Structures are given as structure tokens and as C-alpha cells.
Amino acid sequence: MVPREPEGLRWKQLITIAGGPAMTAIMFTPVLVLPWNQFTVSLCIAHALIAAGSWIPMTIGAEATDAKLLIRFARAPSESFASISQLWALDHAGMKPCGWPPEAVNQLALRTADDTFRPVARQYQYLYLRECGDPSEAAVALESILAVANKLLPDNRRRYFSEAAFYQGVFRKNAALASEWLEEARRVEVSLPE
């Protein structure tokens, strides 16, 4: 799934995401050819529930369904999509943030007004500044992530609340505020314990 080249990234991503709903549709085939009995009716109901969770565009606990992802990726500006895909590929290839092309990070930072990729764009900008920039610039980037924390997955929300606690405790020497951020991190539900 990690893109190797920037050409056709949007279509490749759309095809990857569409695989889930397509497989859900294919799973209805056995139900249609088998004789109707209690088992096939139960199987049909189970498949209908799975299909609803895949085909209805909605967000549940900051996690988008496949249909919602398809709509987001289809509407996303090409430049934002290309910048995020490039940084995602470099990150997954093991390249440290200081090795990322600054122009890709800067392009991404300029496009954070786009709601589709705003949380991801801000996370990449923060990672880059945390590793390679001035601590005060990283703090501003962290604040921008905290501003959209409600759109993050629970594990990411907890991670950035913990980052805020670390920043307040180590750089600002504000133990009270660091404790508040840690308490916020502890309150995040549906996240993996660390």
C-alpha cells in the first residue's frame, strides 16, 4: 500500500479503499445462491450489517467508513493528496523527518485549510518541526494539532495530549499544566493503553 511513485496515487488509493465495499458485495453471492433457510437468512442479515458499516458514509469515533473515505479522497485537492502521500511513503520507508523534503512539508502546511487532510497535515508538520525545527515552532505546530484533536483517532489524541504534557513539563517547566494534559490523556476512551 505504500506508494512508490507519485503518478496515479489518487486512483491507487481509491481502488485500495474500494476493495472493502467490493468484497462485502461479493460476500452476498453465496447467500443468493443457497436455499433460503434460517442459516441463510441469518447470514443475509449479518452481511447487511457489514454492508451498512462499509457503504454508508459516516464517521464513528473519528474513524471513517470506507464510503466516507472514498468521498474524502475523491474530493481532496490533488496537491494536498500528493504532499501527504509523498511524506507518508518516506515515513514508511524509514526516513527520519529531517530527511523529508522541506518543500513538501511547507506545501502541506499551506494547505491545512482543507478539512479533508487537516489533522494529518498538522501531524506531519509537527513531526518535522519537532525533529528539525525550533522548539517554539514545534509548540505552535503542536497547538494546531490540539485544535483539531476531536478529529483524531483516540490513540493519536492520547499521544498528542501526552506530547503536550511533555512540552509543558520539560520546556515550559509548568508541572501543573503538564499534569492537566496527562489527565486529559488518561481520560481518552477507546485507546490502547501505553
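How many residues apart are R187 and E183 in helix α10? They are 4 residues apart, so about one helical turn separates them.

## About the model

This is a predicted model, in which local features need pLDDT of at least 70, side-chain atom pairs count only at pLDDT 80 or more, and totals for chains, interfaces and linings use all residues. Residues are numbered from 1 along each chain as its sequence is written, and side-chain values use heavy atoms, with hydrogens and water left out.

Helices here are DSSP runs of H or I with at least four residues, while strands are runs of E with at least two; both are numbered from the N terminus.

## Salt bridges

Side chains of opposite charge can pair when their charged atoms come close. A salt bridge here is a side-chain nitrogen of Lys or Arg within 4 Å of a carboxyl oxygen of Asp or Glu. The structure holds 5 of them.

Helix α10 covers residues 175-187. In it, R187 forms a salt bridge with E183, at 3.9 Å from N to O. R187 also forms a salt bridge with E184, where the closest N and O atoms are 3.0 Å apart. R187 and E184 are 3 residues apart in α10, so they too are separated by about one helical turn. A network of salt bridges links E183, E184, R186 and R187.

How open are these side chains? Buried means under 20% relative accessible area, exposed means over 50%, and partly exposed lies in between (1.4 Å probe, protein chains only). E183 has 33% relative accessibility, so it counts as partly exposed. E184 has 30%, so it is partly exposed as well.

Another salt bridge joins R130 and E131, with the closest N and O atoms 3.1 Å apart. R130 is partly exposed because its relative accessibility is 36%. E131 is partly exposed at 42%.

In soluble globular proteins, nonpolar side chains tend to be buried together.

Take L146 as a case. Contact means heavy atoms within 4.5 Å. Not counting residues up to four places away in sequence, L146 touches Y160, F161, A164 and W181.

## Aromatic pairs

Rings of Phe, Tyr and Trp (its six-membered ring) pair if their centres lie within 6.5 Å; planes under 30 degrees apart count as stacked, over 60 as edge-to-face and the rest as tilted. By this rule there are 6 aromatic pairs. One of them is W100 with Y124: the ring centres are 5.5 Å apart and the planes are at 70°, so the pair is edge-to-face. This pair links distant parts of the chain, 24 residues apart. W100 lies in the loop between α5 and α6, and Y124 lies in helix α7. Both W100 and Y124 are buried.

Y167 and F171 form a tilted pair, because their ring centres are 5.4 Å apart and their planes are at 35°. Both lie in helix α9, 4 residues apart, about one turn of the helix. Buried or exposed: what is Y167? Y167 is buried, with a relative accessible area of 13%. F171 is partly exposed at 48%. Ring pairs link F166, Y167 and F171 into a cluster.

## The cavity

On a 1 Å grid over the protein atoms alone, a cavity is a set of points where a 1.4 Å probe fits but cannot get out; lining residues have an atom within 4 Å of a point. Grid points are joined across faces, edges and corners, and a volume is the space filled by probe spheres set on the points. The structure holds 1 cavity of 30 Å³ or more. About 50 Å³ of space lies in the largest cavity.

Which residues line the largest cavity? They are A139, L142, E143, L146, A164, Y167, Q168 and W181. The elements that give two or more residues to this lining are α8 and α9. Helix α8 gives the most to the lining, with 4 residues.

Technical notes:
1 Å grid on protein atoms, 1.4 Å probe; cavity = no way out; pocket = protein on both sides within 12 Å on 5 of 7 lines; lining within 4 Å.
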